[in-house]
Structure formats: C-alpha cells, structure tokens
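User: I would like to go through this model with you, beginning with the terms and then moving from the overall fold to single residues.

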Amino acid sequence: MGIRAVLSKPLAAIVVNQQKKWAAHPALSQVKIFKNIIQKAKNTAFGKDHGFDSIQTYENFKKQVPIRDYEGLKPYVDKILKGESDVLWPGKPAYFAKTSGTTSGTKYIPITKDSIPNHINSAKNALLSYVHETGKSQFLDGKLIFLSGAPTLEKKAGINTGRLSGIVNHHVPNYLRTNQLPSYDTNCIEEWEEKLERIIDETLDQDMSLISGIPPWVQMYFDRIQARVEKPIKDIFPNFEMFVYGGVNFEPYKNKLYESIGKKVDSIETYPASEGFIAYQDTQTEGGLLLLLNSGIFFEFIPVEEYFDENPTRLMIDQVELDKNYALIINSNAGLWGYSIGDTVKFVSTSPYRVVVSGRIKHFISAFGEHVIGEEVENAMRATLEKFENVKITEFTVAPQVTPKDGLPHHEWFVEFDNPPIDLEAFSQELDINLRKRNSYYDDLITGSILRTLKIRTLKKASFINYMRSEGKLGGQNKVPRLSNDRKLVEALEKYTH
C-alpha cells in the first residue's frame with residue numbers, strides 16, 4: 001500500500017468526525033454561516049443596497065433580499081466587470097466561473113478567496129468519506145483522471161476567468177497532481193474529440209484506478225478506447241475501482257457503463273455547481289447526498305409549486321419536509337444572495353440532511369397542466385429498463401407534441417438505444433404506465449382522453465453526440481436537457497430519427 005493510501009485513513013477519520021459534528025446540529029451550523037456572511041458583506045454595494053447592517057434574523061433577511069436568478073444579479077456582476085471592488089463580497093473575486101446562460105449569454109459567476117475551499121475541500125471530503133466507511137484507499141495510489149473542461153483561463157477586468165472545472169484544476173493538491181491525468185497540455189485542448197483521442201493516447205497503458213466525469217462523456221471515453229482495443233475496460237484498467245460523477249442522474253447510463261467496464265465498480269456521486277459545491281454522497285449504504293451545511297453556503301428552499309409566485313414561502317433547513325420538491329436558493333461567501341441556481345431538490349433524510357436532485361426549474365413539461373419533472377421521467381425509464389433487462393439506452397429527452405398530424409396530443413420521447421427492445425410498442429406502453437404511476441396529473445389527462453399515451457421516436461447511433469457537436473457543446477460539463485416544455489431541442493433531433 002502506497003503513502004497516499006496509508007495517510008488517507010487517519011485524515012479520513014478526522015474529516016468524518018468533523019462532518020458528524022456539524023451534521024448533528026444542522027440549524028446551528030446554518031445560522032452561524034448566515035450571521036458570518038451577512039456581517040462580512042454589510043459594507044459591500046449589495047449589503048448597503050439591502051440594509052445588511054440592520055439584518056438580525058432570517059425574517060429580516062427575507063424582507064430585504066428578494067430571490068434572484070442570474071439576470072437579477074447581473075447589474076452587480078457588471079460593476080465588477082467594470083473594475084469595481086466591494087460589490088457582492090469584500091474586495092474582488094479571485095475568479096469568474098464562466099458558464100452558458102440562456103437569456104443573458106455568457107454568465108460570470110464569482111468565486112472568492114473565501115469560497116474556494118468549498119469547491120476544493122468538498123471534492124476531497126467526498127473521497128475521504130468513502131475511504132473511512134469502506135476502508136478502501138488503494139485507488140488513491142493509482143492514476144486518476146478527471147474528464148473536464150480546459151483549465152485555460154483568461155482575464156476579465158483583471159480577474160482570472162474560465163470554466164469551473166478548469167479553475168478547480170489549478171487547485172488540485174500536490175499529493176494528487178503527480179498521479180493525475182491527462183497532462184496539462186492535453187487538458188488545454190478545446191476541441192473535445194481531439195482532446196479525447198489525446199487522453200486515450202496518454203491513459204491507455206496507465207494504471208487507471210479512479211475515473212471522474214459526467215457519465216455520457218465517460219461512456220464516450222470508454223467507447224473510443226474499445227474501438228482501439230476490443231476488450232472490456234476492466235481488462236485494460238485492471239485496478240480501476242472508483243467512478244466519481246456528478247451533473248446528471250447516473251441511473252439511465254449505469255447499465256451500459258457497467259457493461260463497458262465488464263464489472264460493477266464503486267461510485268461516488270457529487271453535486272458541484274459553478275455557484276458552489278452543494279452536496280456529495282457520504283455513504284454507500286444510504287440514498288441521497290449529504291447537504292453541505294458548514295461550507296460557506298446558507299441555503300433556502302422554496303416549494304416548487306410556489307416558485308413563480310410573487311411572494312413564495314422561503315424556508316431554512318429545519319423547516320423542510322421529506323419527499324417534497326424544493327427550488328434550491330443559495331447565499332454564500334462567493335457573494336451570491338437569494339440566488340436561484342435553477343435546480344430542484346428533494347430531501348430523502350433529515351438525520352443527516354440528504355437530498356437528491358429532482359430536476360430543473362425550467363426543465364419540465366406542462367403543456368397541458370401535467371407539470372412532469374425530470375425525476376419522474378428518469379424514474380419511469382429506470383423502472384422500464386428493469387423490466388426489459390436486455391434493453392440499454394445511450395441517452396433520451398422528452399418534449400410535448402401539441403399538434404400531431406393525427407390523433408391526440410402526446411409526450412414524445414426521443415431515445416437513442418444502445419440495445420433496442422424487440423417490441424418497441426410493449427416497451428412504450430410500460431414506460432407510459434410507469435410515468436402515470438409517478439404523475440397523477442399526467443394519468444388524469446390520459447384517462448380523460450386529453451392526451452394519448454406517449455410515443456417513442458428512435459434515434460440513430462451517436463445522435464446525441466452529433467447534436468451536441470453541432471451546438472458546440474460536446475464534452476466537458478455540458479449536458480443534454482432531460483425534458484423541455486417546447487420543441488426546440490427535439491426539432492433539431494428530428495434529422496437523426498430512423
């Protein structure tokens with residue numbers, strides 16, 4: 001056993017002990033962060049505009065700080081981009097994480113000196129929680145690969161700016177950097193497919209033990225490897241034993257990924273975002289991700305059904321309920337205030353507080369009032385695949401068909417199968433039954449003959465890859481929306497149908 005594996009165990013014990021302490025007092029942990037960040041930011045432009053010096057309680061805060069998305073925060077970000085200091089947080093941000101916006105074009109999310117530990121330590125602590133629980137640590141001695149965006153940074157108003165994954169890459173601890181792949185030069189390649197081929201060149205003969213990335217892009221990595229070497233991944237990387245992922249639900253990709261590997265490997269799910277590292281899987285035996293209540297973020301939760309109301313209910317951690325969907329709102333030492341990151345979460349445990357990501361506020365189908373969300377379509381697909389064991393999918397997305405050429409309106413599923421069902425109609429019927437079980441409004445619309453049962457459109461191999469390539473979004477942290485309330489995405493996919 002190497003030095004990393006040996007030293008990780010006492011460090012893991014310390015981290016988990018600290019974790020248990022704050023998790024045992026969730027409300028207190030959050031109140032401490034709340035008071036700290038309000039105090040630190042009271043003399044900023046935002047703090048002065050919103051009377052931070054008079055805020056004593058959460059009730060004060062809710063009255064003085066409205067909920068915002070990026071559009072609402074943009075005037076303050078623009079001030080920073082013009083060179084101003086003390087705008088959202090004291091001084092200037094250490095970085096801007098650059099992400100794609102919908103209405104505002106490129107978004108620049110501040111990362112401050114105070115918020116960097118949230119991004120770096122959380123990823124480390126996820127691994128150490130696994131080490132402590134399982135006793136397994138030898139994977140830390142092998143080669144580690146993080147399939148991510150380029151670490152190249154540019155300057156905006158004198159502030160280093162780039163993708164979150166690239167920023168984080170500059171803070172990888174030295175004890176891991178020596179066994180990290182790919183090389184920095186390869187990681188800086190912007191064109192994903194060229195980069196992927198270079199990554200394979202560098203990793204094919206290495207002792208890979210940990211692989212991290214968004215599942216569809218990791219699958220693409222495996223597919224390209226197997227195009228060169230016709231062996232399962234376990235024979236190419238015999239010591240590969242840890243898969244770390246985030247950004248999407250693993251379930252739709254799991255069967256195909258394990259088939260490519262040739263065995264099951266342990267995995268750790270993480271929930272990183274440009275706005276902050278929200279949660280990670282702290283145990284292999286319980287569902288959900290541990291919400292990080294002691295890492296510079298004060299969380300608020302809005303019941304999803306109230307999100308678009310003028311004055312929605314805003315809740316602290318000790319006011320939430322199990323199995324209810326909430327819009328996630330953050331206030332942080334990065335200078336984000338009442339900030340909606342666009343995700344919805346559902347609590348599966350309150351001791352400690354663990355969440356699952358249930359969807360996106362803007363990613364739903366409600367063309368007929370059904371309000372179907374990402375969690376429901378993913379769980380319906382998972383249940384269907386469990387019944388049709390030989391069927392495997394690569395990717396899918398769902399949209400409403402409001403004006404079909406004939407028959408009633410319906411939900412249209414665009415599915416790229418890796419191994420298609422022998423009887424597509426039987427598969428479609430089972431999928432529809434499973435969705436009806438999970439959404440009573442959808443069931444009522446079917447029963448009332450407002451909608452017909454769903455229809456599956458099958459896509460050719462590599463359709464989603466080709467689509468993402470055409471959009472300039474191949475690889476990195478990019479993800480295909482699971483569902484849309486309009487047909488913009490699926491109209492682009494029409495040319496790939498059989």
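Analyst: Helices, as the word is used here, are DSSP runs of H or I with at least four residues, strands are runs of E with at least two, and both are numbered from the N terminus. Please keep in mind that this is a predicted model.

User: With that settled, where is alanine 462 found?

Analyst: Strand 20 covers 455-458 and helix 17 covers 463-470.

User: Which loop holds histidine 371, and what is its phi?

Analyst: Histidine 371 is found in the loop between strand 16 (364-365) and strand 17 (372-373). The residue is partly exposed, with a relative accessible area of 32%. Its phi is positive although it is not a glycine, with a value near 45°.

User: What is the omega of the peptide bond from leucine 181 to proline 182, and where is proline 182 placed?

Analyst: Most peptide bonds are trans. The bond from leucine 181 to proline 182 is cis, with omega near -5°. Proline 182 itself is placed in the loop between strand 6 (180-181) and helix 9 (184-187).

User: Where is proline 352, and what is the omega of the peptide bond that joins serine 351 to it?

Analyst: Proline 352 sits in the loop between strand 14 (339-350) and strand 15 (353-360). The peptide bond from serine 351 to proline 352 is cis, and its omega is near 0°.

User: Turning to the whole chain, how many helices and strands are there, and how compact is the protein chain?

Analyst: The protein chain has 18 helices and 20 strands. For 498 residues the globule rule gives 23 Å, and the chain is close to that value, so it is as compact as a globular protein of that length, with a radius of gyration of 23 Å.

User: What share of the residues is buried, and what share of the contacts joins residues at least 24 apart?

Analyst: Of the 498 residues in the protein chain, 54% are buried. Among contacts between residues at least 6 apart in sequence, the share joining residues at least 24 apart is 66%.

Notes
Residues numbered from 1 in each chain as written. Predicted model: local features only at pLDDT ≥ 70, side-chain atom pairs only at ≥ 80, totals over all residues. Heavy atoms only, no water. Rg over C-alpha atoms; globule rule 2.2 N^0.38 Å. Buried < 20%, exposed > 50% of the residue type's maximum accessible area, 1.4 Å probe, protein only. Contact = heavy atoms within 4.5 Å.
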